[in-house]
Amino acid sequence: MSWIQKQQLSLWERFCANILKAGPVPKHVAFIMDGNRRYAKKCQMEHQEGHSKGFNKLAETLQWCLNLGIREVTVYAFSIENFKRPKSEVDGLMDIAREKFGHLLEEQEEIQKHGVCIRVLGDLHLLPLDLQKQMAQAVQATKNYNQCFLNICFAYTSRHEISNAVKEMAWGVEQGLLDPSDVTESLLEKCLYTCHSSNPDIVIRTSGEVRLSDFLLWQTSHSCLVFQPVLWPEYKFWNLCEAILQFQMNNSMLQQKARDMYAEERKRQQLEKDQAAVIEQLLQEGLQASGDSQLQRTLLHKLSARREERVQGFLQALELKRADRLERLNTASA
């Protein structure tokens with residue numbers, strides 16, 4: 001089944017979509033696509049067929065999101081914890097991934113037409129090499145598209161993502177690109193797999209489970225969480241509308257204000273650290289900490305500029321390192 005559905009909304013669905021779009025529409029929606037195995041059991045089919053039905057529902061849901069003006073979608077496709085499932089089921093999921101990414105590479109014209117940028121977020125090294133290469137090809141082929149974004153979390157958990165970000169910062173310090181004092185919450189955020197995305201406005205989990213299961217724990221502190229009882233393969237356009245309505249009722253403006261206030265608090269804390277560092281420098285040089293305010297402002301500016309230069313240099317090096325990994329996989333598959 002194609003990644004890009006051509007199915008149009010019914011007249012009634014278009015009418016309701018236009019009503020929803022009169023209010024605040026989320027820019028970024030994340031899905032925990034839960035319930036494929038329960039759906040398979042309910043319909044007396046193999047688990048793999050349930051997972052395949054789940055992918056078909058994803059393709060349909062992506063089209064609904066486009067119809068509603070949602071330009072970024074993140075999906076929890078395969079958790080690192082899923083490797084603990086029976087080998088036959090894991091192998092089946094890998095086969096489905098191979099098939100679907102193979103279809104994606106065959107649909108380049110359609111993907112380009114819609115301007116879909118595909119990102120795969122997770123530890124690709126945990127996957128079979130041939131699947132790594134397919135994913136790298138898809139990412140490389142669509143990296144310059146910017147009309148809409150699909151982030152596929154595969155071989156992913158949030159704890160793994162955060163620990164990887166810490167390792168990347170440690171690498172930056174070891175390479176002399178960063179000072180230990182440059183390591184901050186803000187920098188860690190820029191080292192996450194999701195560094196090129198805004199945080200989700202809504203996280204939707206199907207199947208009735210009320211937990212995040214190690215999905216985007218860092219990114220969802222101000223997101224609207226919606227838990228719906230429907231199994232993922234049975235998800236309907238109206239379920240998505242209900243989730244957006246909950247988002248609108250929870251007042252998205254207040255969510256944005258909370259994000260802005262948190263960002264301001266982080267800036268204030270950084271300024272306090274910089275002021276303390278300048279005072280320490282003045283004292284070491286035998287000068288009065290409460291002396292020349294102009295000198296203090298000059299030193300603060302220099303301290304901030306040097307840190308920003310180091311951080312930007314590190315982030316560029318990190319970006320090149322990650323791009324090189326994908327390029328090597330892409331070249332190996334050619």
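Modeller: Accessible areas here come from the Shrake-Rupley method with a 1.4 Å probe. This is a predicted model. For the chain, the accessible surface comes to about 17,400 Å².

Colleague: How much of that accessible surface belongs to carbon and sulfur atoms?

Modeller: Their share is 53%.

Colleague: What makes up the chain, in helices and strands?

Modeller: There are 11 helices and 6 strands. The C-alpha atoms fill a box of roughly 80 × 50 × 35 Å, taken along the principal axes. Of the 334 residues, 47% count as buried.

Colleague: Why is leucine 329 called buried?

Modeller: Buried means under 20% relative accessible area. Leucine 329 has 14%, so it is buried.

Colleague: Where does leucine 329 sit, and in which helix?

Modeller: Its place is in helix H11, residues 293-333.

Colleague: What does leucine 329 touch, leaving out residues up to four places away in sequence?

Modeller: It touches Leu129, Gln132, Lys133 and Ala136. Take leucine 129. It is 200 residues from leucine 329 in sequence.

Colleague: What share of the chain's contacts with a separation of 6 or more comes from residues 24 or more positions apart?

Modeller: Those residues account for 79% of them.

Colleague: Now the helix pairs. What describes two packed helices?

Modeller: The angle between their axes and the distance between the axes.

Colleague: Why is H4 called roughly parallel to H6?

Modeller: The axes of H4 (residues 87-106) and H6 (residues 129-142) come within 10 Å and cross at roughly 30°. Angles under 35 degrees count as roughly parallel, so H4 is roughly parallel to H6. The crossing is left-handed.

Colleague: Which residues make the contact of H4 with H6?

Modeller: From H4, they include Met94, Ala97, Phe101 and Leu105. From H6, they include Asp130, Leu131, Met135 and Ala138. The contact residues divide into 8 nonpolar, 3 polar and 2 charged.

Colleague: What makes H1 roughly parallel to H9?

Modeller: The axes of H1 (residues 11-20) and H9 (residues 237-249) cross at roughly 15° and come within 11 Å. The cut-off is under 35 degrees, so H1 counts as roughly parallel to H9. This crossing is left-handed.

Colleague: Which residues of H1 and H9 make that contact?

Modeller: H1 brings Trp12, Glu13, Cys16, Ala17 and Leu20. H9 brings Phe237, Trp238, Cys241, Ile244, Leu245 and Gln248.

Colleague: How do the residues of the contact of H1 with H9 divide?

Modeller: They divide into 9 nonpolar, 1 polar and 1 charged.

Definitions and conventions
Residues numbered from 1 in each chain as written. Predicted model: local features only at pLDDT ≥ 70, side-chain atom pairs only at ≥ 80, totals over all residues. Heavy atoms only, no water. Axes fitted to C-alpha atoms, helices over the stretch in contact; angles between N-to-C directions. Helix = DSSP H or I, 4+ residues; strand = E, 2+ residues; numbered from the N terminus. Parallel < 35°, antiparallel > 145°, perpendicular 65-115°, else oblique. Left-handed = near helix turned anticlockwise from the far one by under 90°. Contact = heavy atoms within 4.5 Å. Nonpolar A, V, L, I, M, F, W, Y, C, P; charged D, E, K, R; others polar. Buried < 20%, exposed > 50% of the residue type's maximum accessible area, 1.4 Å probe, protein only.
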